[in-house]
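Dear colleague,

Please find below the structure that I am handing over to you. My findings follow it, and I would be grateful if you read them with the structure open.

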Amino acid sequence: MNKITVTVRYLGTFSQLTGKREETLGLEEGATVGELARLLGLKYGRELRRRLEDGESRPVLFIVDGSPAPSERRLGNGELVLVTYPAGGG
Amino acid sequence: MSFKYGAFAGSLLFVDLGKGTAKRVPLERHWCELYLGGRGRDARVLFEKQDPSTGPLDPASLVLISTGPLTGLLGPTTGRLNVAGRSPLTGIYGNSNAGTNFGPELKFAGYDGIVLTGRSPRPVRLSIQDDDVRLKDASELWGEGVFETTARILEEEGPEARVAAIGPAAENGVLFGSVIFDFWDAAARTGLGTVLASKNLKAVSVQGTGAIRVADPKAYYEAAREGWLAVLEDPGFRTGEHSALGTSICVNWGNAQGWLPTRNFRESWFEGADRISGEEFRDVFSTREAPLPAGRACFSCPNRCKRYGRIDEGKYAGTRGNIEFEGVAAFGSKCGVDDLGAVFHAYMLANDYGMDCITCGNTIALFMECIERGLLEDEGLGLRFGCADAMVEMVHRIANREGRLGELGSQGSERAAAAIGKGAEALLNTIKGLETIACDPRAAKAFGFGFAVASRGSDHLRAHPVFEMLRKPPEVGRELFGSPEAVELRKYGGKVRLVAWHENLAAVTDSAGSCRFMHASYYAQYPIPELMNKYAKRKRAVVHSIKYHKWIEAATGIPMSYEGLMEFGDRIINLERALNLRWGLRREQDTLPRRFLTERIPKGPAKGELFEPRILEEMLVEYYKIRGWDPRTGYPYEERLASLGMEDVAAALKERGLLSPGGAPEQAQPFRDPLAHRPEPGPGENASRG
C-alpha cells in the first residue's frame, strides 16, 4: 500500500492531552477520518479515547478543508486536519 | 434593615459628588418585581431619575454600579455586576457587565448598588466599609494607571478591599474609558469610565462584613444544588476548554469556522491565528506562579475562563495580566498582527490606561485600512495591517490624544470616520456607534442579527447565541426556535427566535447577577439539557438543569415561572428600547454596517458569505412582532407595554410621539415552556407548539 501524510493540528484540550500543537502522521492511502481517530486513540491512550467516544461531552470535530468531516471521509495526501471541540464564549 | 424580598441587601447608595454627600435609599419594590436588579434596575433608575436631555458628561448624569439578587450567593457564577449610564460614545443606553469579587463585597457591605451623580470639584475616590462611607482625596492618584491606582488603594484600605478604578484615558476624555475591577476585570464597553472621570471620581473601594438572607433557604439550597449538578453534567463544561485556555480558545476555533475578523473585517480568516491563539498564550506566556494562577475565576465560578500570564524577556518584558478573546482579536487579527507579545502588551496597556480594548483595537484597524487606501496620513508611524510596533504606539497615542491620529482615535471609530470623510464611513463596523466584536456577522447569522438589534449597539453579549456554533441536534433547534436551521451557523431559519430567546435570558441573568456562560456558551439551563437528553442516543435517567425561575424565586420570594422569566427579559429589553428612543435612537439604526451587507467574504471557510439585506429586513419585522414593536417605526405598541406592567413607560413615550397606539395585529407568543404539560389539543387544532 502507498502511504500518505497528513498534518494534524490539536486545538484546545486536545493539545493538552497530546502534549502537541501539531504533528505529521503517515497513513495508508485511502485512510478515513474514522481511521485517523482510531489511530489517535491508540497512540494517546485512554483519556483521548474516552473523549473521542464520550457521548457526554460535545462531539469531537475533525475539520478538513474548512468543514467538519464525517468519519467515512477519505483523507488526501498533505491535508490539514484540525481536532477540536466546538466552543463558544468570548 | 428588613426588605420584603430576600437576596437583596435592600438599598442603594446614592452619592452626590458635587455636594459630597452619600445616603442610603431603600429599594423600591416595583424595581425588584418588574426589573429584578443589575442591568434591568439600572435601566429603570435611569428612566426615572435622569432627565432625557442630560448629556452623558453633564454633572447631572448618573452612573450606576449594581448587583443582582443572586450576586454574592451560593450558586454557580454569582459574581457578576453591571455598570450603567448614558454612553458618551454612543449617546444611548450604555452598560457593561463584569465578573468580579467586587459585586459580592458590595452586597456584604449592605448595598445592592451605587448611584453616582454630580461632579466633585477635585479628584476623589469613594471608600465604603459597611456603613462607613467616605469621599477621600485622590489628587495624587489622578493620572496614574489602573494598576498603580488599584495597588495604592489596596495599600491604604487593606488587602481585603475590592477596588474599581479608572485610568488616564478616561481622564483625558477618551470616549471609551473603562472601569476596571481588582486589576483585571473590565466593564469597558460603551465608555462609562469616561463618565466617572467627568465626575472627578477616580475609584471606588468596598469592604463588607454583612450577610445576605434568601427567602426560602431549603428551596434555595435545592435550586442551587441542581444548578451545580447541571453545570458539572453540561457537555460543554465537561470538555474543559475554558479552563484550559480561557476564552482565547475562540481564536483557532473561530478561524476554523471562518468568523475571525481579520484586517478590519475585510476578511474572516487569519493566516496568523495560531500564533495569537490561546494555545500559544498558554505555551509562551502563561504561568502557574504567584501572584495568580494561570486560570482565574470570578466569585463562585467553576469555569476559570480568565487566563493570566506575563512576559519575562524582550521588549515587552514586564507585561502581565489577564487576557480574553476579544482583546486578542481586537489588537491581533483585526489589525492583522500575529505577534502575540505585541498583542498582549497592547491589551494590557489598554487596561492600564483604562480603555475598552474592542473599540480601541477596532479603531486602529479602521485607521490601518484608511491609510492603506490613501484616506489618512499615518504621521510617519508606518501604520499598516500587520505592523505590531505601530499598533502598540497607537494605543499610547489614543490614550493620550496625541497627534491627529490619537485625537481622532480617542473619539471612537464612527466620529473618526466622519472626520476623515472621503468614504471612510464605508469601512466602519459600528452599529449605533459601537464597534463590532470578534465575530464576522456574515459568517454567523444569529450573531449578526443579534448585533443589529442589540440595545447597546453592535454587541454579542445581548444575545450571545453560541447555540448556532455547537452542532446541537436539529430537533432541539426545531422544538425551541421553530426551525432545524437554528443549529446551522450559515443558515437564517429560526435565528430571530433564537436571538430573542437568548436576549431574554441574558437580560434576566445580567439583572440577577449570574454569568452568560451558563446559558449561552454552556447550555446548562432549562429546558436545553432536557431537550438534549430527549434526542440523545444514550439517555440519562435523571437530567439536571439550572432553573433560573426556581432559583430566583427561592432567593427572592418573587413568584416566577419559566414563562415569567422570559417576560422579565422581554420587559427589560422593552425598557431599554424606551430609553434609547428617548435618546434619539430610530428604527433605521437596527441594521448592519454596509460592508456586511454588500461585500462577500473573500476567502476562508466562509468564503462568499454575505448578510442578505432582504433577509435582514424580514428578520427585523419578525423580531419586532415578537417584541411587540411596530414594524414601520420600531416603536413599542401601547398594549404591549401595558401587558408588561409598563404603563408609565408607555405614557412617557406617548408624550414624545414615540409610541404606537393599540396592539400588534398578531401577538407572537414564542417562548412557552416546551416541556410543560398542556391539555391535549381538541379536534382540528394544530398539535404543534406555538
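**A threonine at the interface**

The side chains of A:Thr13 and B:Glu241 make a polar contact at 2.3 Å. Please bear in mind that this is a predicted model. A polar atom of the A:Thr13 side chain also lies 3.0 Å from the backbone oxygen of B:Thr239. A:Thr13 belongs to helix H1 of chain A, which covers residues 13-18. Leaving aside neighbours within four places in sequence, A:Thr13 is in contact with A:Arg51 and A:Tyr85 as well as with B:Thr239, B:Gly240 and B:Glu241. A:Thr13 counts as buried because its relative accessibility is 5%, and buried means under 20%.

**The two chains together**

How many residues of chain B are in contact with chain A? There are 36 of them, and they meet 26 residues of chain A. The size of an interface is often given as the accessible area lost when the parts come together. Between chain B and chain A about 2600 Å² is buried, and carbon and sulfur atoms give 49% of that area.

Across this interface, 12 residue pairs are in polar contact, both residues being at pLDDT 80 or more. Helices H8 (241-245), H9 (249-257), H10 (278-284) and H11 (325-331) of chain B each supply at least two residues to the side of chain B that touches chain A. H9(B) gives the most to that side, with five residues. Three salt bridges are counted between the chains. One of them joins B:Glu280 to A:Arg21, with the closest N and O atoms 2.9 Å apart.

**Salt bridges**

Side chains of opposite charge can pair when their charged atoms come close. Over all chains the count comes to 66 salt bridges. B:Glu157 and B:Arg125 form a salt bridge in which the closest N and O atoms are 2.9 Å apart. This pair links distant parts of the chain, 32 residues apart: B:Glu157 is in helix H4 (residues 146-157) of chain B, and B:Arg125 is in strand E7 (residues 124-129) of chain B. B:Glu157 is buried at 10% relative accessibility, and B:Arg125 is buried at 2%.

B:Arg263 forms a salt bridge with B:Glu271, the closest N and O atoms being 3.0 Å apart. Here B:Arg263 is buried, at 11%, whereas B:Glu271 is partly exposed, at 41%. Both residues belong to a network of salt bridges that also includes B:Arg266, B:Glu267, B:Glu372 and B:Lys603.

**A buried threonine in a loop**

Is B:Thr100 buried or exposed? B:Thr100 is buried, because its relative accessible area is 0%. B:Thr100 lies in the loop between strand E5 (93-99) and helix H3 (102-108) of chain B. The side chain of B:Thr100 reaches the backbone nitrogen of B:Gly103 at 3.1 Å. Beyond neighbours within four places in sequence, the contacts of B:Thr100 include B:Gly79, B:Phe181 and B:Cys298.

**A sheet and a helix**

In chain B, three strands form an open sheet in the order E13-E14-E15, with antiparallel pairing. Strands E13 (295-296) and E15 (320-323) are the edge strands, each pairing on one side only. Two bridges join E13(B) to strand E14 (residues 306-310) of chain B. Helix H12 (residues 340-353) of chain B packs on the sheet and touches E14 and E15 of chain B, its direction making about 90° with that of E15(B).

Yours sincerely

Methods: Residues numbered from 1 in each chain as written. Chains lettered and ligands numbered in written order. Predicted model: local features only at pLDDT ≥ 70, side-chain atom pairs only at ≥ 80, totals over all residues. Heavy atoms only, no water. Helix = DSSP H or I, 4+ residues; strand = E, 2+ residues; numbered from the N terminus. Buried < 20%, exposed > 50% of the residue type's maximum accessible area, 1.4 Å probe, protein only. Contact = heavy atoms within 4.5 Å. Polar contact = N/O pair within 3.5 Å; in protein donor to acceptor, adjacent residues only side chain to side chain. Pairing = 2+ DSSP bridges. Axes fitted to C-alpha atoms, helices over the stretch in contact; angles between N-to-C directions. Buried area = accessible area lost by both parts, 1.4 Å probe. Salt bridge = Lys/Arg side-chain N within 4 Å of Asp/Glu carboxyl O.
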